[in-house]
Amino acid sequence: MVEPDGEHAQGRRLTLGERFKKLTERNLTLVVILYVSSAVTAVSTFITAYVTGGHWYQQRFNWQAGEYAKLARLHAGYTLDKFEEQLGRPSIQVAINKTSLGSLTQSTFQPRSEYWVDAVTDPHNLVVAYAVTSCSSDFKPSFTYWDGQQNRTVSLNETGFSSVFSSVRDVGTVKGNYSGAIGPKYYFAIKPWNSISINRSYVWGVTNLCPWKAVKPTHSSEIWLNWFNREMQRLNTGGNAITVRANEVDKLGRDLMSEYAVNTYAETSPAVDFDVYPEQIGANPMLIPPPLSKLPWTGPAD
């Protein structure tokens, strides 16, 4: 007698696995579909792992290229929306000044722990000045400007201050602050706007928002403080900072500044001066919450 389909001679019902095996043995189309489905799942899993792994690798080991590309898309004169598109929402946003441009707002971004971006906007949400400060020796974004004769490039944490100082010696100024135990410490070379610079103002310098990278053995903090105090008395500014014509900076001042690579670059939109910043150009460490700021770092190493 022939066994009923689905049962063994002893009357035992087939298991689910045995039924599946019989079904696939009789149905070649189903086998092909299952094989293709398995292959697609395997490929999909591999692609997901590859993309996830690649994203992790880029974020961990090759992140600089992506951040450089973001900064290359930004310039003073763009809208704040453009900055937020590249950098995300600002970490800090405060009203800072009322000028001939109207009431200004300062927005400070920290896309990654390695750097800061600061933008000053007018009432129309246009960025009239912006600055980038690098906090990592591995983060060296480059910026190109026209010096009146040729395009020149400055790379943060790589280009020495002496190089940019020479480009402003005849026409620019130096702004510095070295007072206070935990206050801002910075010096900037400022190139004012003119028709040669396409009416943009430029700044390069060092701020203690981030560590200073020495390019040769340094003077002590005491010598920096003595020089700054002497210049304060000579210029009799009555404030916390000094501003002096670049060609009037003495030899000691030039030697001190030449010992470090710039960690900050800034530019304005056409026909705008850096007085849109009340004092500190770029992100102000005094406005940044202590867990995010490098303060009370004191500036040059002893």
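Trainee: Let's start with Tyr187. Which strand is Tyr187 found in?

Mentor: Tyr187 sits in strand β8, residues 186–191. Strands (E, at least two residues) and helices (H or I, at least four) are DSSP runs, numbered from the N terminus. Residues are numbered from 1 along each chain as its sequence is written, and side-chain values use heavy atoms, with hydrogens and water left out. Keep in mind that this is a predicted model: local features need pLDDT of at least 70 and side-chain atom pairs count only at pLDDT 80 or more, while totals for chains, interfaces and linings use all residues.

Trainee: Is Tyr187 buried or exposed?

Mentor: Buried means under 20% relative accessible area, exposed over 50%, and partly exposed in between (1.4 Å probe, protein chains only). Tyr187 has 1% relative accessibility, so Tyr187 counts as buried.

Trainee: Which residues does Tyr187 touch, not counting those up to four places away in sequence?

Mentor: A contact means heavy atoms within 4.5 Å. Among the residues that Tyr187 touches are Phe161, Lys175, Trp204, Trp212 and Tyr260. Lys175 is twelve residues away along the chain, with 5.5 Å between its C-alpha atom and that of Tyr187.

Trainee: Which residues form one aromatic cluster with Tyr187?

Mentor: Rings of Phe, Tyr and Trp (its six-membered ring) pair if their centres lie within 6.5 Å; planes under 30 degrees apart count as stacked, over 60 as edge-to-face and the rest as tilted. Tyr187 forms one cluster with Phe161, Phe165, Tyr178, Trp212, Trp224 and Tyr260. The structure holds 18 aromatic pairs. One of them, Tyr202 with Trp204, is stacked, at 6.1 Å centre to centre and 15° between the planes. Tyr202 is buried at 5% relative accessible area, and Trp204 is buried too, at 0%.

Trainee: How many residues does the largest nonpolar core have?

Mentor: In soluble globular proteins, nonpolar side chains tend to be buried together. A nonpolar core is a set of buried Ala, Val, Leu, Ile, Met, Phe, Trp, Tyr and Cys residues joined through side-chain atoms within 4.5 Å. The largest one here has 44 residues, and Phe83, Val117, Tyr130 and Trp204 have the most contacts inside it. A second, separate core has 17 residues, including Leu104 and Tyr277.

Trainee: Now a helix. Which residues of α3 are buried?

Mentor: An α-helix has 3.6 residues a turn, so residues three or four places apart point the same way. In α3, residues 64–72, the buried ones are Gln64, Glu67 and Leu71. Seen down the axis, they fall within an arc of 70° (taken from the directions from the helix axis to the C-beta atoms), so they line one face of α3. Their cover includes β2, β3, β4 and β5.

Trainee: And which cysteines form a disulfide?

Mentor: A disulfide is a covalent bond between the sulfur atoms of two cysteines. Here the rule is a pair of cysteine sulfur atoms within 2.5 Å, and the count comes to one. Cys135 and Cys210 form the disulfide, with their sulfur atoms 1.7 Å apart. Cys135 lies in the loop between β4 and β5 and Cys210 in the loop between β9 and β10, so the pair ties together parts that are 75 residues apart in sequence. Both cysteines are buried.
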